[in-house]
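Work through the exercises below with the sequence and the model side by side. Try each task before reading its solution.

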Amino acid sequence: MKKRNSAFDILKIFLSIFVVLYHQYLHQGSVFNENFSQFDSWIFSIFSVVIASPVPIFILISAYLATISSKQDLRGFFKFGIDTFLYWVICVILVIIFVSGLNVDISISRTLTFGGRDWWYLWSFLIIKSISPILVHGIKNVNKLVSLTGIIFLLFMRFAFIKSNNNELFNAGTIIGFLSVYLVGIWMTFFLKEQIKNKSVIKASIIVCFTFVVFSFIFKIMQFWIDFNISKLLGFDSPMTPFPVIFSIFVFILITNVYIEEKKFINLIAKTLLPVYLFHFIFEIIMNQFIWSKVFKNSNSLGLYELNFFIALITWLITEAFALLIMYPHDFVSKYLNISLWATIHFINQKYKKILVKS
């Protein structure tokens, strides 16, 4: 059995923290002065493209793992679907408890319909995962230049014509953006396997990633003279715009060249990252509404505004604790629902075969 590469898990842990940090800055109006923007923060300004990159990096890693997997069948898709359903049930129960008991400002109707505030990624991933074997097989058997042309066209469609609104779960921008980046991951895994391992490419990738941070720092300093942050103009803070996607591709190149021996503790935390993503919005809203807003509301201090970083870290830790709490009960129920599903499918299949034989 092939050992798990903990390098991917370590990266995912940091990415999950960045997701919480990104959303904390995005919804900071309920805590700090609403006139502040994300780019008023030095932390967000300098690392904006890093903080905005988790989604495309997650997509690329998912594509890479799907491509190198020797097993592509429906079992993984249905398991993910069952896991999603169970997380949805937990989310609905949790939101109803907090809304009715604490009057927390969370939409019950939205939670009942599609889950939480940030669940667009999950539904997009579920759609792509359902056709992942087809995508992998298709890219593998199509001329690499033809497939690359198609992928570039999809990316161009996403960047140039479609403005994604993540409040709309199944909009074309979200799906095409997710699909195009997923295809990039598959294409690179098949056709750039040797080039990715090249030392010159690795060095160039490090330089490019570092350059993004350096330019972000320069743009922040320039803000004092031009009263505008160029990083915002370039879309450094938006996950599925060109520069975060480009940054993500070079991070992807770097991480595929790193191997860290399997660590049980890292694996344990990695298993909780999906529920951390799905449930962190609940704890973020609760903490912002009942604690942080009472301390920092209408604050004019940009120094205090930098505390968003620590607020997000606390939210991540609380959500991580909750994810660990529900992980084993969730896995237990998921396991037996999966067994029941495939036992039922097998039973129906056998009955159908007997009917065919008799007829």
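Buried means under 20% relative accessible area, exposed over 50%, and partly exposed in between (1.4 Å probe, protein chains only). The model is predicted: local features need pLDDT of at least 70, side-chain atom pairs count only at pLDDT 80 or more, and totals for chains, interfaces and linings use all residues. Residues are numbered from 1 along each chain as its sequence is written, and side-chain values use heavy atoms, with hydrogens and water left out.

**Exercise 1. Cysteines**

Task: Classify cysteine 209 as buried or exposed.

Solution: Take its relative accessible area, 11%. Cysteine 209 is therefore buried, because buried means under 20%. Cysteine 91, at 0%, is buried too. Next, look for disulfides (cysteine sulfur atoms within 2.5 Å). The search of the whole structure finds zero.

**Exercise 2. The largest core**

Task: Find which residues touch the most other members of the largest nonpolar core.

Solution: A nonpolar core is a set of buried Ala, Val, Leu, Ile, Met, Phe, Trp, Tyr and Cys residues joined through side-chain atoms within 4.5 Å. The largest has 73 residues, and Tyr121, Tyr182, Phe279 and Ile282 touch the most other members. Helix α10 (residues 172-191) gives the most to this core, ten residues. Helices here are DSSP runs (H or I, at least four residues), numbered from the N terminus. Now zoom in on isoleucine 282. Leaving out residues up to four places away in sequence, isoleucine 282 touches Cys91, Leu94, Val95, Phe98 and Ile106, where contact means heavy atoms within 4.5 Å.

**Exercise 3. Salt bridges**

Task: Locate the salt bridges and say how many there are.

Solution: A salt bridge is a side-chain nitrogen of Lys or Arg within 4 Å of a carboxyl oxygen of Asp or Glu. The search finds three.

- Lysine 79 pairs with aspartate 83 at 2.9 Å, N to O. They are four residues apart in helix α5 (residues 74-102), so about one helical turn separates them. Lysine 79 is partly exposed at 40%, whereas aspartate 83 is buried at 10%.
- Aspartate 118 pairs with arginine 117 at 3.0 Å, N to O. Both are buried.
- Arginine 117 pairs with glutamate 284 at 2.9 Å, N to O. This pair links distant parts of the chain: arginine 117 sits in the loop between α6 (108-114) and α7 (120-130), glutamate 284 in helix α16 (residues 273-296), 167 residues apart.

Last step: join the pairs. Arg117, Asp118 and Glu284 are linked in a network of salt bridges.

Terms used
Helix = DSSP H or I, 4+ residues; strand = E, 2+ residues; numbered from the N terminus.
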